[in-house]
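Here are a few notes to read alongside the model.

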Amino acid sequence: MRFKTILILLALFAVAAPLFAQGGAAQGSSDKQWIYISAGFSMAIASGLCGLAQAKATAACAEGMARNPGAAGSIRFALILGLALIESLALYTLVIIFAKVG
Amino acid sequence: MPEHELWLTKLFNDYLAGFGASILSLAGVHAENPARPWANFITMQILVALIVMVVFAVLGARLSMDRPGKMQHIFEVLYDFLRGQSDEVVGRHGRTYLSYFGTLFFFILFMNLLGVVPTFESPTMFPYVPAGCAIATFLYYNLMGFRANGAGYLRHYMGPVWYLAPLMIPIEIVSNLARPLSLTIRLFANMFAGEQVTLVFIGLAPLAIPSVFMGLHVFVSFLQAYIFTLLTMVYVSGAVAHER
C-alpha cells in the first residue's frame, strides 16, 4: 500500500516534467517563475496549518463553554484573542508574498 | 503601481502643495513628486481625525442623563465594553489608560471603515499607517511602564532572577521589538487582503457576491480594531504590573 503511494507520487512528478521545458525558452526570467510557484505552495501550507490550529482553538473553546456556561465570557475573550494571533501567522506569509510577487 | 489620486487628495495637492512640501521638509523627507506631496493615506487620516473629532464633539454636546439619544446609547455601549475589557486586562487602577485605548480603538475603527465608503480608501491599507499606530503603542506602554515603576521598569527586561539577566535581556528586547512589528503586519495585512479579495471578486462575479466579501471586510475591520486595542491593553498591563 505504501509502495503504491510512492509510485503514484513519482508518476505525478513525471507528469510535471514538461514544466522544465519552459526554462530553456526564457533563460532570463526562469528564476522569476519559481517565485509564483513557491508563493502558491507557501500560502497553501500556511493557510492549511492556520486552519488546523484555529480548529483546535475553536474546539477547545466550544467544549469549555459547554462544560461551564458561566465562564463563557472569559472563554470567548480568550478565543477571539487566540484566533486573531493565529490568523496573523498566516498573514505574515501573505505579506511576504505581496512583497515578492509584483 | 502608480497610486490613483482620490478627489480629496487632489484637492489637497491643488491648493496646499507648498504647505505639504514644507511640512515634509521639517522632517527632512522629500516627496517623490514635489508638485503633489500629499499621499492618499495622509489625507484619509486627516479626514478620519476630523470625523472623529466632530462625532465626539457632537456627542459631548448632546449628552443627557434623563433623555439620552440614539448616538449616546451606541457610544455608551462601546464605552462600557472598552472599560470592561480594560478592567479585566489591566485592572481597576488602569482607568487612566482608558483614554489612550479608546482613542486608539475609535481611530483605527474609523480608518478601517472608511474604505467601505465609495470614494475613499482605508489609510490602514498602507503599511505606514498601522506602523505609526504600533510605534505609538510601543512608546506608550514603555513610557507608562517607566511612569508606574520608575527605573525599576527595566527589571522587566531582566527576567525572573538576576543571574539569568544576560540571557534574558536580548530575548526580552527582541520580543518587545516584535510586538509593534506584529501589530503593524496584522492590521495592514488584514485590511490589504480584505480589499484585494473584494477587488478580485469584483472582477470575477456579479454584484451580490463581492458584497459578501465586503461585509466580511467590515466584520474584520471591527475585529482588527478590537484586537489592536486588546493587545495594547495586554502590553500596558504587563508594563505597569508591580513586581511582587
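1. Let me begin at one helix contact: B:L8, B:T9 and B:F12 in α1(B) meet B:N40, B:T43 and B:L47 in α3(B). Contact here requires C-beta atoms, placed from the backbone, within 7 Å, and helices (H or I, at least four residues) and strands (E, at least two) are DSSP runs, numbered from the N terminus. By class, this contact has three nonpolar, three polar and no charged residues. Ala, Val, Leu, Ile, Met, Phe, Trp, Tyr, Cys and Pro count as nonpolar, Asp, Glu, Lys and Arg as charged, and the others, Gly among them, as polar.

2. A word on provenance: this is a predicted model, in which local features need pLDDT of at least 70 and side-chain atom pairs count only at pLDDT 80 or more, while totals for chains, interfaces and linings use all residues. Residues are numbered from 1 along each chain as its sequence is written, with chains lettered from A and ligands numbered from 1 in the order in which they are written.

3. How do α1(B) and α3(B) cross? Helix α1 (residues 7-15) of chain B packs on α3(B) at about 100°, with the axes 9 Å apart; axes are lines fitted to C-alpha atoms over the stretch in contact, and angles run from 0 to 180 degrees between N-to-C directions. That makes the pair roughly perpendicular, the term for 65 to 115 degrees.

4. Chain B as a whole has eight helices and zero strands. Of its 244 residues, 29% count as buried, meaning that 20 or more other C-beta atoms lie within 10 Å of a residue's own.

5. Do look at α5(B), residues 98-114: its 17 residues reach 24 Å from the first C-alpha to the last, close to the 24 Å expected at 1.5 Å times one less than the number of residues. Its buried residues, including B:L104, B:F105 and B:I108, pack against α3, α4, α6, α7 and α8 of chain B.

6. The largest nonpolar core has 47 residues, and B:L104, B:F105, B:I108, B:F228 and B:V236 have the most contacts inside it. Such a core is a set of buried Ala, Val, Leu, Ile, Met, Phe, Trp, Tyr and Cys residues joined through C-beta atoms within 7 Å. α8(B) gives the most, with 10 residues. Leaving aside neighbours within four places in sequence, B:F228 is in contact with B:L104, B:I108, B:C133, B:L183 and B:L187.

7. Finally, the interface: seven residues of chain A are in contact with nine of chain B. The chain A side has six nonpolar, one polar and no charged residues.

Key. Buried ≥ 20, exposed ≤ 12 C-beta atoms within 10 Å, placed from the backbone. Contact = placed C-beta atoms within 7 Å. Parallel < 35°, antiparallel > 145°, perpendicular 65-115°, else oblique.
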